[in-house]
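Please look over the sequence and the structure shown below before turning to the notes.

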Amino acid sequence: HQSLSELEAIVKQHRVCAFVVNWPVNEGRKGEKCGKVLQVLDSVIDQSNTVVTKRRPFTLWRNHEDASTDSSSPDEWGR
């Protein structure tokens, strides 16, 4: 858990007030990379009550280059 300790120290040292987390949508679809982002966020939240809090939230940021390929109609799987 060294990287989590490092993250906690950075948060404290730089007085981080929120996180912007990349949301890696591919051609308008959420895939494996989005799942990994959620796994990491879950892990950080489960292992530390000082990194992501109600007073220090996170938001998922989607690159607007991906937005141009977004389709408003669901695919065959309903996504």
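R15 is placed in the loop between helix 1 and strand 1; helices (H or I, at least four residues) and strands (E, at least two) are DSSP runs, numbered from the N terminus. The model is a predicted one, in which local features need pLDDT of at least 70, side-chain atom pairs count only at pLDDT 80 or more, and totals for chains, interfaces and linings use all residues. Residues are numbered from 1 along each chain as its sequence is written, and side-chain values use heavy atoms, with hydrogens and water left out.

**Loop residues**

- R15 has a positive phi of about 50 degrees, although R15 is not a glycine.
- With a relative accessibility of 74%, R15 counts as exposed; buried means under 20% relative accessible area, exposed over 50%, and partly exposed in between (1.4 Å probe, protein chains only).
- E27 also has a positive phi of about 50 degrees without being a glycine, and its place is in the loop between strand 1 and helix 2.
- The relative accessible area of E27 is 60%, so E27 is exposed.

**Overall architecture**

- The protein chain contains three helices and two strands.
- Read from the N terminus, these elements follow the order α-β-α-β-α.
- The protein chain has 79 residues, of which 20% count as buried.
- The chain exposes about 6600 Å², and carbon and sulfur atoms supply 51% of this area; accessible areas come from the Shrake-Rupley method with a 1.4 Å probe, and for residues only the protein chains shown count as cover.
- Among contacts between residues at least 6 apart in sequence, 63% join residues at least 24 apart; contact means heavy atoms within 4.5 Å.

**The nonpolar core**

- The largest nonpolar core has twelve residues: L4, V11, F19, V21, W23, V25, C34, V37, L41, V44, V51 and V52. A nonpolar core is a set of buried Ala, Val, Leu, Ile, Met, Phe, Trp, Tyr and Cys residues joined through side-chain atoms within 4.5 Å.
- Helix 1 (2–13), strand 1 (19–22) and helix 2 (32–47) each supply at least two residues of this core, and helix 2 gives the largest share, four residues.
- L4 lies in helix 1 and has a relative accessible area of 12%, so L4 is buried.
- Leaving out residues up to four places away in sequence, L4 touches V44, Q47, S48 and V51.
- L4 and S48 are 44 residues apart along the chain, yet their C-alpha atoms are separated by 7.9 Å.
- V51, with residues up to four places away in sequence again not counted, touches L4, L7, E8, V11, F19, V44 and R56.

- N22 is placed in strand 1 and counts as partly exposed because its relative accessibility is 47%.
- Apart from neighbours within four places in sequence, N22 is in contact with V37 and W61.

**The nonpolar surface patch**

- L38, I45, F58 and L60 form a nonpolar patch on the surface, with about 300 Å² of accessible area together. Patches are made of residues with over 30% relative accessible area and no salt bridge; like charges are joined within 9 Å, and nonpolar side chains (Val, Leu, Ile, Met, Phe, Trp, Tyr) within 5 Å.
- Helix 2 and strand 2 (58–61) each supply at least two residues of this patch.
- I45 is found in helix 2, and its relative accessibility of 38% makes I45 partly exposed.

**Salt bridge and cysteines**

- One salt bridge is found in a search of the whole structure; a salt bridge is a side-chain nitrogen of Lys or Arg within 4 Å of a carboxyl oxygen of Asp or Glu.
- The side chains of E32 and K36 meet in a salt bridge, at 3.5 Å from N to O.
- E32 and K36 are separated by about one helical turn because they are four residues apart in helix 2.
- E32 is exposed, with a relative accessible area of 59%, whereas K36 counts as partly exposed at 46% relative accessibility.
- The structure holds zero disulfides, a disulfide being a pair of cysteine sulfur atoms within 2.5 Å.
- C17 is exposed, with a relative accessible area of 59%, whereas C34 counts as buried at 2% relative accessibility.
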